[in-house]
Amino acid sequence: MLAGRTTTEELLAYLVAFDTTSRNSNLDLIGFVRDYLAAFGVDSVSVPNEAGDKASLFATIGPGGVGGVCLSGHSDVVPVDGQPWSSDPFTLTPVGDRLYGRGSCDMKGFLASCLAMVPAMTAARLSTPIHLLVSYDEEIGCTGVVPAVRRLGVDLPLPRACIVGEPTSMRVVDAHKSGMAYVTTVTGREAHSSMPQLGANAIFAAAELVGELDRCRAELIAAGDPSGRFDPPSTTVQVTVIEGGTAGNIVPRRCAIRWNVRGLPGFDEAVLLARIERFADEVVLPKLRADAPEATITTDLVYKVPPLAPQTGSPAELLALRLAGQNRTFAVSYATEGGHFQEQGVPTIICGPGSIDQAHKPDEYIEVAQLRACERFLTGLIAECGRS
Ligand SMILES: [Zn+2]
């Protein structure tokens, strides 16, 4: 086990070496962080998932009770499958001023910076607590942090500000889109393709639904982004996966389409979903049922990530701008765990080292200068939290 002070780079090398691809358990990494914190006298609370093979970790440095500033990051990473890496993705590899490795940027660099500052946090006799939250399953719908967030203000302290350290190149992000994923499944009836009147073609039906989603897409683009802050400047709709049919001479019984929506803050996805369901029930399903009364069309929500809505002048925004030495905030189109904190009543901004441009790609890296900038940010935070 690590003893004494450990640098951010050393900690990042340890964290990268845990293959915490979202499909894997993250318990080894969580155990490492728990033991590291314990070495500095910091207790932590594990919040496991239902299966017990993954967990979040919550720890408080400084006085207990409510308030304080939460530093939050996810432990899971996206897969490296099929990606052409120049080095072992799970061995942190320095080349010049870059550190290569899966998760180096998204977002173990932030976690390593926070952990490296723990000795300074414990030595500072904080009057305002600093909380650390390490989550899981962020990359598959931002779901893993939810059980821990739901406990903030219940049996865990309610922070007065949260900083989610996703890679923003240390810029302060106060707004992002929501993310919803759905699967619409059409079930018709199989038949020999020479006798189509005996069947009900699920792919033709699904294609009509794809057409309606495409019309929604175009209308939302035309409606644009009144805030003028987002790129692209609208709510977006995409069909991402389509699967159906079994053979070239069979009328297909089943077809499923997966689609996702990235909504501007304030966008009401229930209205869009109701339109798709109404179109399915009133336009598409009657045609299927004319030939196959048992036909169905169902749409299920796979996940929903709430948006981050700007809260101008919130404690989180003012704190982060001050610590980052900046005077303006940014909006991004990718979703984060930040919206869940905001829904729980915790003012939240996104600010962390590394660029999103390097995330999820082969040869993901973080610049050493970004880690230094994050450490300066955290040093400022410790100074603020040390004042009484
Ligand atoms: Zn991330």
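Helices (H or I, at least four residues) and strands (E, at least two) are taken here as DSSP runs, numbered from the N terminus. The structure is a predicted model, in which local features need a pLDDT of at least 70 and side-chain atom pairs count only at pLDDT 80 or more, whereas totals for chains, interfaces and linings use all residues. Residues are numbered from 1 along each chain as its sequence is written, and side-chain values use heavy atoms, with hydrogens and water left out.

In this scheme, Gly-228 is found in the loop between helix H6 and strand E11. With a relative accessible area of 64%, Gly-228 counts as exposed, where exposed means over 50%, buried under 20% and partly exposed in between, computed with a 1.4 Å probe on protein chains only. Gly-228 and Asp-28 are 200 residues apart along the chain, and their C-alpha atoms are separated by 43 Å. The loop between helix H6 (202-223) and strand E11 (236-244) also holds Pro-232, and the peptide bond from Asp-231 to Pro-232 is cis, with omega near 0°. Gly-153, in turn, lies in the loop between helix H5 (146-149) and strand E7 (161-164) and is partly exposed, at a relative accessible area of 49%. Gly-153 and Val-346 are 193 residues apart in sequence, yet 9.5 Å separates them in space, C-alpha to C-alpha.

Further backbone features concern peptide bonds and phi angles. Most residues other than glycine have a negative phi, and most peptide bonds are trans. A cis peptide bond joins Asp-106 and Met-107, with omega at about -10°, and Met-107 is placed in helix H3. Arg-125, although not a glycine, has a positive phi of about 50°; Arg-125 is located in the loop between helix H4 (118-123) and strand E6, and this residue is exposed, with a relative accessible area of 75%. Asp-137 likewise has a positive phi, near 55°, in a residue other than glycine. The place of Asp-137 is in the loop between E6 and H5, and at 11% relative accessibility Asp-137 counts as buried.

A cavity is a set of points, on a 1 Å grid over the protein atoms alone, where a 1.4 Å probe fits but cannot get out, whereas a pocket is an open set with protein on both sides within 12 Å along at least five of seven lines; in either case lining residues have an atom within 4 Å of a point. Grid points are joined across faces, edges and corners, and a volume is the space filled by probe spheres set on the points. A search of the whole structure finds 3 cavities of 30 Å³ or more, and the largest cavity holds about 50 Å³ of space. Its lining consists of Leu-71, Leu-111, Cys-114, Leu-115, Leu-132, Leu-133 and Val-134, and helix H3 (104-116) and strand E6 (130-135) each supply at least two of the lining residues. By class, this lining has 7 nonpolar, no polar and no charged residues, where Ala, Val, Leu, Ile, Met, Phe, Trp, Tyr, Cys and Pro count as nonpolar, Asp, Glu, Lys and Arg as charged, and the others, Gly among them, as polar.

The largest pocket has a volume of about 470 Å³. Of the 24 residues that line this pocket, Glu-138, Glu-139, Arg-262, Ala-335 and His-360 lie nearest its centre. The lining of the largest pocket divides into 11 nonpolar, 6 polar and 7 charged residues. Domain 1 (8-176 + 307-386) and domain 2 (178-305) each contribute at least three residues to that lining, the domain bounds coming from an automatic or database domain assignment.

According to an unreviewed UniProt entry, the annotation "domain: Peptidase M20 dimerisation" covers residues 175-283; UniProt positions are given in the numbering used here, feature names are shortened, and annotations may be inferred rather than shown by experiment. Over residues 175-283 the chain is 34% helix and 32% strand, with the end C-alpha atoms 37 Å apart.

Cysteine pairing was also considered. A disulfide is a covalent bond between the sulfur atoms of two cysteines. With a disulfide taken as a pair of cysteine sulfur atoms within 2.5 Å, the count comes to 0 disulfides. For Cys-216, which is in no disulfide, the nearest cysteine sulfur is that of Cys-255, 18 Å away, and Cys-216 is buried, with a relative accessible area of 3%. Cys-374 is also in no disulfide, the nearest cysteine sulfur, that of Cys-114, being 5.7 Å away; at 0% relative accessibility, Cys-374 counts as buried.
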